[in-house]
Amino acid sequence: MAELEDNVAIPEFSNLVQMDPYLKPFEKDFKRRYEQLQKQLSKLEETEGGYDQFTQSYKTFGVQRQPDNSLHFREWAPAAEALFLTGDFNAWEKFTHPYTKQEFGKWELILPPKHDNSPAVDHNSKLKVVVHTEEDERLYRISPWAKYVTRDEKSVIYDWVHWDPPNPYTQIHPRPKKPKGLRIYEAHVGIASPEGKVATYTNFTTNVLPHIRDAGYNCIQMMAIMEHAYYASFGYQITSFFAASSRYGTPEELKQMIDVAHSMGIVVLLDVVHSHASQNTEDGLNRFDGSDSCFFHSPPRGEHKLWDSRLFNYSSWEVLRFLLSNLRWWMDEYGFDGFRFDGVTSMLYHHHGMGAGFSGDYSEYFGLQVDEDALVYLMLANHILHTLYPDCITVAEDVSGMPALCRGVEEGGLGFDYRLAMAIPDKWIQILKECKDEDWDIGDIVHTLTNRRYGEKCIAYAESHDQALVGDKTLAFWLMDKEMYTNMSSLTPMTPIIDRGIQLHKMIRLLTHGLGGEGYLNFIGNEFGHPEWLDFPREGNDQSYHYARRQFNLLDMGNLRYHQLFVFDRDMNLTEDKYGWLAAPPAFVSAKHEEDKVIVFERGRVLFIFNFNPSKSFQDYRVAVETPGTYKIKLDSDDHLYGGHGRLDHNTEFFTEAHGFNGRQNSIKVYIPCRTAIVLANEEIDYCY
């Protein structure tokens, strides 16, 4: 193996080392990973006719209708003694339709069409696989490749439903071009309504998509779409990987939802959970063939103790077939534009991130603690996705800071486009919990927002679903708490708590948007300062939907301050759309003044000025700027429109002086009121990135 490693050349590894020379001592690790990837690709070429064919196994596994209307059933159940098909089609006779055993643990069954030439299994009828084990157990299972599963109201178990509609939905709108600056709206279909119930794909299409478009977001990250038996898991305990959740509607309604989003120029990402799977056996993957392994490692390696879930065996050929085909399925069948990979930290390390502090020492990212099977799976997935779909977007949820996570596979990286900047929301919550306004550590805030690996793109966010889930609460609620119930009318003067909350809510989001990354994310409802928190119906809350909804009705009442927060959020996105700071290189921070509580930075030749001081405004405050010219205010958090105090004149022109300051060649003098953020732009500049 050592000889092979020395012969492996990573085509563009020199780029990676040039960017980060500290990676040079780990060249052997990079080579070993890259060689494993190349071995997998060669093996796919030799045994499966290449990765394109292999990753379309959703066309040959599960149930497939043939041109003559016969139905072909195929499963992988290596530990099973026998397989049978039962269902509505044969009056639930258990043993009349046996599968035939093939090599490599595969099983096949062909059902000829009925006498009238229609398929033997009707659309929307129920099926089950009967598995006989070596221990003589008889198990009833759902096909791992099931495309649709439903649950009767009185049942706790999901049923496999044959989905083959006579008039399938055909998408007509092309995928939008990959945005240069991602403005992500993180959404959950089930909570996307003010009503206390599970909302639908159709509701999302009709009522939420226009809202997202109007709010200036160009990307939606759909959570909890892959079928999960337990609603309160927020979609993280997947039971059926190829099934879109039926609690929101039909597969065709989801296809329509994505098609309509595309017509609005919005790309749609799926939150894909390939890091673990539900423990469920009757309606999940667990013990599908009666063994404690099959798709997973045997315990203890195959169990995640904290999540109470099963862990995939990424070295298994059939697991690779299943997971890679799963990615293709969501891209090809539904028209998704990419993925947010959940739980990447858990995948990358044998310790799953549990008890690991990740100090930033590079030895933490290499060596025996790294699960290289999982790492190579992610390299393979990214390589295949980006080769077949050049505009595909992949985002990694990783808290560890794994180097080269977001560098190309050809450099030895894992190939993701973006990583989530997970330290940023934690910092904001910590500050609001622990610090008085006058004690905010401006340098620490700036450090948290700018502390990212050079050349690896980040998605910045002030809060996501994680911060809203029960046990925590939204930023707006941290800021204003119970006063949001009584004092949000714009017809009455603001109380001190509401005033502070409204101003800081806007400033925190703009600072995160401008300084924190190459993309920005907002969780559904938080763009207008959604109150309270998120809690799904469960035993502990008497199955209540009260907190499992988004109160868009608060926006419809124009005399509430939620509308002011929404308009600011919208204009912040539209200003970014015009000036493109997310696609620009990282910011130059010229001021982080602890006593004044002022932050100044330039990004994309746009000038951002923040005064977090709770009581002091500054007249003729000198601010550094590189490019000479005339600057004008383009966004002002203190505008009356946004619930501000209207202390700035937007007609003012700021002329630069050739007065070098804070590391820049020029400067301007401005008035910055307390608790105000302003964005200025030089209209003489062409803003193209």
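Author: P300 is found in the loop between strand 14 (267-272) and strand 15 (303-304). Strands here are DSSP runs of E with at least two residues, helices are runs of H or I with at least four, and both are numbered from the N terminus. The model is predicted, with local features needing pLDDT of at least 70 and side-chain atom pairs pLDDT 80 or more, while totals for chains, interfaces and linings use all residues. Residues are numbered from 1 along each chain as its sequence is written, and side-chain values use heavy atoms, leaving out hydrogens and water.

A cis peptide bond joins P299 to P300, with omega about 5°. Most peptide bonds are trans, and most residues other than glycine have a negative phi.

Now take two residues with a positive phi. N124 is not a glycine, yet its phi is about 75°. N124 sits in the loop between strand 5 (106-111) and strand 6 (126-133). Its relative accessible area is 48%, so N124 is partly exposed. The scale runs like this: buried is under 20% relative accessible area, exposed is over 50%, and partly exposed is in between (1.4 Å probe, protein chains only). A224 is not a glycine either, and its phi is about 55°. Its place is the loop between strand 11 (219-223) and strand 12 (226-228). A224 counts as buried because its relative accessibility is 2%.

Another loop holds Q369, between helix 8 (344-348) and helix 9 (372-388). Q369 is partly exposed, at 26% relative accessibility. H350 is 19 residues from Q369 in sequence, but their C-alpha atoms are 5.4 Å apart. Leaving out residues up to four places away in sequence, Q369 touches L348, Y349, H350, H351, S363 and E364. Contact means heavy atoms within 4.5 Å.

R328 lies in helix 7 (residues 317-332). It is buried, at 6% relative accessibility. Beyond neighbours within four places in sequence, its contacts are D52, T55, Q56, Y58, E333, L388 and Y389.

Next, helix packing. Helix 11 (residues 442-450) and helix 14 (residues 496-515) meet at about 45°, with axes 9 Å apart. Axes are lines fitted to C-alpha atoms, for helices over the stretch in contact, and angles run from 0 to 180 degrees between N-to-C directions. Helix 11 and helix 14 are therefore oblique to each other. Under 35 degrees counts as roughly parallel, over 145 as roughly antiparallel, 65 to 115 as roughly perpendicular, and the rest as oblique. I445, V446, L449 and T450 of helix 11 make the contact with L511, T512 and L515 of helix 14.

Helix 14 also packs with helix 16 (residues 561-579), at about 20° and with axes 11 Å apart. Helix 14 and helix 16 are therefore roughly parallel. Helix 14 brings residues including I498, I502 and H505 to this contact, and helix 16 brings residues including R561, L565 and F568.

Last, the cysteines. The count of disulfides is zero, where a disulfide is a pair of cysteine sulfur atoms within 2.5 Å. C674 is in no disulfide, and the nearest cysteine sulfur, that of C435, is 19 Å away. C674 counts as buried, at 14% relative accessibility. C294 is buried too, with a relative accessible area of 8%.
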